[in-house]
Amino acid sequence: VQLQASGGGLVQPGGSLRLSCAASGDIFSIDTMTWYRQAPGKKRELVASITSGSSTNYADSVKGRFTISRDNAKNTAYLQMNSLKPEDTAVYYCNADIKTSYFVSYNYWGQGTEVTVSS
């Protein structure tokens, strides 16, 4: 199983980006999908999560600006980021709890995609 994160880049303050996290491989089902981020010199922090039933959770710092969603048919989660601020600059990682065809669940990490918010 692999998680492929994409969509990062350089954006001006106030701008928007949409990150994608696509899972591939031996997948029976995907439970919770989560976006984390890690800014230079800081600990990794949870940004947003979404369960298989589409219940969502957000860090206070991104509420009202970021929206997490998922397409179960594509095994993909998205993070729509609006009104970006310089403090959103970080490497964004996706994480997912995936059950394989052997009905064993594992936790997987993607490789990270870099977001830079700067004028």
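Visitor: In which strand is Tyr 106 found?

Guide: Tyr 106 is found in β10, residues 105-109. This is a predicted model, in which local features need pLDDT of at least 70 and side-chain atom pairs count only at pLDDT 80 or more, while totals for chains, interfaces and linings use all residues. Residues are numbered from 1 along each chain as its sequence is written, and side-chain values use heavy atoms, with hydrogens and water left out.

Visitor: Why is Tyr 106 called partly exposed?

Guide: Buried means under 20% relative accessible area, exposed means over 50%, and partly exposed is in between, with a 1.4 Å probe and protein chains only. Tyr 106 has a relative accessible area of 43%, and is therefore partly exposed. Val 11, in strand β2 (residues 9-11), has 11% and is therefore buried. Of the 119 residues of the protein chain, 41% count as buried.

Visitor: What makes Tyr 102, Val 104 and Tyr 106 a nonpolar patch?

Guide: A patch is made of residues with over 30% relative accessible area and no salt bridge; nonpolar side chains (Val, Leu, Ile, Met, Phe, Trp, Tyr) are joined within 5 Å, and like charges within 9 Å. Tyr 102, Val 104 and Tyr 106 form such a patch on the surface, with about 350 Å² of accessible area together. Accessible areas come from the Shrake-Rupley method with a 1.4 Å probe, and for residues only the protein chains shown count as cover.

Visitor: How do you know that Arg 37 and Asp 88 meet in a salt bridge?

Guide: The term requires a side-chain nitrogen of Lys or Arg within 4 Å of a carboxyl oxygen of Asp or Glu. For Arg 37 and Asp 88 the N to O distance is 2.9 Å, and the pair is counted as a salt bridge. Arg 37 lies in strand β4 (residues 29-38) and Asp 88 in the loop between β8 (76-81) and β9 (90-99), so the pair ties together parts that are 51 residues apart in sequence. Arg 37 is buried at 5% relative accessibility, and Asp 88 is buried at 0%.

Visitor: Which residue forms a salt bridge with Asp 88 at 2.7 Å?

Guide: That residue is Arg 65, with the closest N and O atoms 2.7 Å apart. Here Asp 88 is linked to the loop between β6 (56-58) and β7, where Arg 65 is placed, 23 residues apart. Arg 65 is buried, with a relative accessible area of 10%. Salt bridges that share partners join Arg 37, Glu 45, Arg 65 and Asp 88 into one network.

Visitor: Are Lys 63 and Asp 60 buried or exposed?

Guide: Both Lys 63 and Asp 60 are exposed. Their side chains meet in a salt bridge at 3.1 Å, N to O. The structure holds four salt bridges.

Visitor: What makes β1 and β7 edge strands?

Guide: An open sheet of four strands has the order β1-β3-β8-β7, with antiparallel pairing. β1 (2-6) and β7 (66-71) each have a single partner strand, so one side of each is left without a neighbour in the sheet.

Visitor: How do you know that β1 pairs with β3?

Guide: Two strands pair if DSSP finds at least two bridges between them. Five bridges join β1 to β3 (residues 17-24), and the two run antiparallel; Gln 2 has Ser 24 as its bridge partner in β3. β3 and β8 pair antiparallel over six bridges, with Ala 22 opposite Thr 76 in β8.
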